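Reader: I'm new to protein models. Could you show me how to look at aromatic rings?

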Amino acid sequence: MAGSGSGGSRADNGYGSQQPRRRKGPGALATAYLVIYNVVMTAGWLVIAVGLVRAYLAKGSYHSLYYSIEKPLKFFQTGALLEILHCAFGIVPSSVVLTAFQVMSRVFLTWAVTHSVKEVQTEDSVLLFVVAWTITEIIRYSFYTFSLLNHLPYLIKWARYTLFIVLYPMGVSGELLTIYAALPFVRQSGLYSISLPNKYNFSFDYYTFLILVMISYIPIFPQLYFHMLHQRRKVLSHTEEHKKSE
């Protein structure tokens with residue numbers, strides 16, 4: 001499943017990025033709003049990072065750290081839904097459909113899997129994707145903030161186009177393992193499933209749907225990962241050439 005983007009194009013799980021398309025930037029009011037939005041989101045994910053570290057130091061264990069950051073995680077991950085509106089209103093030059101898919105996939109995992117299936121909340125796989133998301137989003141929103149201010153430090157640019165090499169597989173692994181851990185509980189409880197007969201003559205099996213979601217990672221993951229590697233070479237090599245020319 002994919003992540004989300006704001007302030008620029010995004011075609012990955014949030015662990016890398018495609019190069020933003022060159023076009024006339026947003027107006028002054030839209031820019032001010034986007035700066036505020038990205039600063040708030042950066043701060044939010046920093047709160048999550050600090051919460052994880054504090055909980056770990058207090059407990060002396062990395063098990064069940066999800067509960068220490070559950071509320072801010074839900075709030076700020078759901079806050080990414082605004083990024084779909086940013087694209088829809090044209091203040092960010094990204095595909096509405098692609099951004100919606102990527103944002104909704106994260107929101108889906110947050111609410112329809114981790115929140116809805118309480119039994120998986122103690123799984124270490126949850127911490128795996130939460131840590132990957134947290135580091136990724138701090139870098140991503142910082143990247144957008146400084147880009148909007150036309151003052152992007154090379155370190156943030158480098159981190160955005162490099163750390164996904166580890167964070168993307170880490171996040172995807174955590175997501176898949178969490179969905180897999182949820183399967184027996186979903187099957188046992190019949191969560192979100194609709195069986196026949198009913199007046200709408202419609203059936204839905206959430207268990208099967210989750211399996212299909214897992215299978216969807218197979219074609220999507222390699223494409224996005226190699227795309228991001230290509231973008232990394234393109235963006236960072238361009239930066240090095242620019243530095244040499246100065």
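Author: We'll go through ring pairs, then charges over rings. Keep in mind that this is a predicted model, where local features need pLDDT of at least 70, side-chain atom pairs count only at pLDDT 80 or more, and totals for chains, interfaces and linings use all residues. Residues are numbered from 1 along each chain as its sequence is written, and side-chain values use heavy atoms, with hydrogens and water left out.

Reader: What counts as an aromatic pair?

Author: Rings of Phe, Tyr and Trp (its six-membered ring) pair if their centres lie within 6.5 Å; planes under 30 degrees apart are stacked, over 60 edge-to-face, and the rest tilted. A search of the whole structure turns up 18 aromatic pairs. One of them joins tyrosine 37 and tyrosine 141, edge-to-face, with 6.2 Å centre to centre and 75 degrees between the planes.

Reader: Which parts does that pair tie together?

Author: Tyrosine 37 lies in helix α1 (residues 28–59) and tyrosine 141 in helix α5 (residues 124–148), so the pair ties together parts 104 residues apart in sequence. Helices here are DSSP runs (H or I, at least four residues), numbered from the N terminus.

Reader: Which rings are linked into a cluster?

Author: Phe108, Tyr192, Phe204, Tyr206 and Phe209, through ring pairs.

Reader: And where does a charge sit over a ring?

Author: The rule is that NZ of Lys or CZ of Arg is within 6 Å of the ring centre and within 35 degrees of the ring normal. Here, the charged end of arginine 140 sits over the ring of tyrosine 141, 4.3 Å from its centre. Arginine 187 lies over the face of tyrosine 207, 4.4 Å from the ring centre.

Terms used:
Helix = DSSP H or I, 4+ residues; strand = E, 2+ residues; numbered from the N terminus.
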